[in-house]
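Please keep the sequence and the structure in view while reading.

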Amino acid sequence: MKPGVYKATKKDGTIYYRASITYQGKHISLGSFSSESKAHIAYLEAGSIIDSDEENLLNYKHQNSVLSYDKLVSLFNFRDNKIYFKNPIYLQKGYFLYYLSQSRILKFDNDDLFYYSQHKIQCRGNHLFVADYGMQCSILSRFGIKPFSVAGRDYSFANGDDTDYRYSNIIVINKYHGVQKEIKNGITKYKSVIHVNGDFIIGRYSSEEEAAIAYNKASDYCKKMGLKKDFFQNFIEEMSPREYANIYTQIHLPSKLIKQLKISASSE
């Protein structure tokens, strides 16, 4: 075998070749290849990147590379910052870059470095998520942003850059599920909305906590009526159980909603 190449066999008997390189005591896997020659080229390319500082991620001709772009990012970071990450992370001063692709690069605070060095970000459309404990978890959840939140309505980016996920850049507008902030004639109200055969307004309240509890009460009633749907539950951590119960008791669901829920429940 050529240097840096190891022959391997799949379960079905197919032969393939793995490439790896060891640098300063660090053993780095470079991937699997269909031929010995390609695996050897990967080994030589990795060595060239690590040993030379003439090229960087901006000027490197990655389209001619046999290595994946993820691996190129990892190697350049290892060369420049002396630390290897299996995920496509490149360290900057005070923050780091996560390369989803050559053209789509996310920024994160160093506080998130350990997490994203262990969890690979995946993309489905505009939905960015990681696999965590067997579940798909949106990266927005780390900011307390609820599932199905909408950019511009429930959260925004302070500098307008939707690739900048540093904590100082994330503005949470609506932190509770089913709650939307409204400002009319200089007066701020919080609209509580639940989805039952379309969006249904539960009511408008002076605080977002009250609107969140109203949503909880409506979702509880939906479950009581036997609606076969998973409703999110809002957790108000800063409120005592007694305070929560007092507000919950005082909230009255609108009669139109109760009627709609009865119709929806009877049709299922």
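A residue is buried under 20% relative accessible area, exposed over 50%, and partly exposed in between, with a 1.4 Å probe and protein chains only. The model is predicted: local features need pLDDT of at least 70, side-chain atom pairs count only at pLDDT 80 or more, and totals for chains, interfaces and linings use all residues. Residues are numbered from 1 along each chain as its sequence is written, and side-chain values use heavy atoms, without hydrogens and water.

**Threonine 188**
- Threonine 188 counts as partly exposed because its relative accessibility is 30%.
- Threonine 188 belongs to strand β13 (residues 187-195); strands (E, at least two residues) and helices (H or I, at least four) are DSSP runs numbered from the N terminus.
- Beyond neighbours within four places in sequence, threonine 188 is in contact (heavy atoms within 4.5 Å) with Lys181, Glu182 and Ile183.
- A distance of 8.7 Å separates the C-alpha atoms of threonine 188 and serine 207, which are 19 residues apart along the chain.

**Nonpolar cores**
- A nonpolar core is a set of buried Ala, Val, Leu, Ile, Met, Phe, Trp, Tyr and Cys residues joined through side-chain atoms within 4.5 Å.
- The largest nonpolar core has 25 residues, of which Ile28, Leu30, Leu57, Leu67, Leu75 and Tyr99 touch the most other members.
- To this core α2 gives the most, with six residues.

**Strands β8 and β9**
- Strands β8 (residues 127-132) and β9 (residues 135-138) run antiparallel and are joined by four bridges; strands pair if DSSP finds at least two bridges between them.
- Valine 130 stands opposite cysteine 137 in β9.
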